[in-house]
Structures are given as C-alpha cells and as structure tokens.
Amino acid sequence: MGKKFACKSIGLQCGFVAHASDENALLTQIAQHAKTAHNMSSIDQETLMKVKAAIEEE
Ligand SMILES: [Zn+2]
C-alpha cells in the first residue's frame, strides 16, 4: 500500500503522477517536481493543503 499524487487532481494541466510508500517521500517528490516543472521554488501553504487533500491511497 502506497501513496499517489497526480498534478491534474489539483487542476494543473500536467501529466505528472508521483508514487511513494509514504506521504513524506511523496511530498519530497512533489516539491522537486514543482520546482523543475512549475517554477515553484517552494510550495506555499495553500498549495500544500490542496496537495495533501489530493493524495490518494493505492
Ligand atoms: Zn506537474
């Protein structure tokens, strides 16, 4: 059982999907992706709330 996050689930026009075994590992991948693909030097609090709400079990 792991965790999954897709950019499109928070309304981004982006095909990125992250998979990890736990939420911390997933958030690390998302932060890296946000920086390189979406020019977010850091994820702001509002976006982080949306991201966390959009994380799914898989
Ligand atoms: Zn993305």
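Two strands count as paired if DSSP finds at least two bridges between them. Helices (H or I, at least four residues) and strands (E, at least two) are themselves DSSP runs, numbered from the N terminus. The model shown here is predicted: local features need pLDDT of at least 70 and side-chain atom pairs count only at pLDDT 80 or more, while totals for chains, interfaces and linings use all residues. Residue numbers start from 1 along each chain as its sequence is written.

**View 1. The whole fold, from end to end.** Let us start with the overall picture. The protein has 2 helices and 3 strands, and from the N terminus on they run β-β-α-α-β. Its radius of gyration (taken over C-alpha atoms) is 10 Å, close to the 10 Å from the globule rule (2.2 Å times the number of residues to the power 0.38) for 58 residues, so the protein is as compact as a globular protein of that length. The C-alpha trace spans about 30 × 20 × 20 Å along its principal axes. Call two residues in contact if their C-beta atoms, placed from the backbone, lie within 7 Å. Of the contacts between residues at least 6 apart in sequence, 37% join residues at least 24 apart.

View 2. Strand E1 (residues 3-6) pairs with E3 in the antiparallel sense over 2 bridges, and Lys 4 stands opposite Glu 56 in E3. E1 and E2 also pair in the antiparallel sense, over 4 bridges. On that side, Ala 6 has Val 17 in E2 as its bridge partner.

**View 3. Helix H1 and its two faces.** Which residues of H1 are buried? They are Leu 26, Ile 30 and Ala 34. They cover an arc of only 75° around the axis (the arc of the directions from the helix axis to the C-beta atoms), which puts them on the same side of H1. A residue is buried if 20 or more other C-beta atoms lie within 10 Å of its own, exposed if 12 or fewer, and partly exposed in between, with C-beta atoms placed from the backbone. Turned away from the buried side is a face with the exposed residues Asn 24, Thr 28, Gln 32 and Thr 36. The cover over the buried residues of H1 includes E1, E2 and H2.

**View 4. The nonpolar core.** A nonpolar core is a set of buried Ala, Val, Leu, Ile, Met, Phe, Trp, Tyr and Cys residues joined through C-beta atoms within 7 Å. Phe 5, Leu 26, Ile 30, Ala 34 and Val 51 form the largest one, 5 residues in all. Helix H1 (residues 23-38) supplies the largest share of this core, 3 residues. Beyond its neighbours within four places in sequence, Leu 26 is in contact with Lys 3, Phe 5, Ala 18, Ala 20 and Ile 55. In the protein as a whole, buried residues make up 10% of the 58 residues.

View 5. Val 51 lies in helix H2 and is buried, with 20 other C-beta atoms within 10 Å. Leaving aside neighbours within four places in sequence, Val 51 is in contact with Phe 5, Ile 10, Ile 30 and Ile 43. Val 51 and Ile 10 are 41 residues apart in sequence, yet 6.9 Å apart in space, C-alpha to C-alpha.

**View 6. Asn 39, after H1.** Our last stop is in the loop between H1 and H2, where Asn 39 is found. Asn 39 follows H1, and its phi is near 50°, a positive value in a residue other than glycine. Asn 39 is exposed, with 7 other C-beta atoms within 10 Å.
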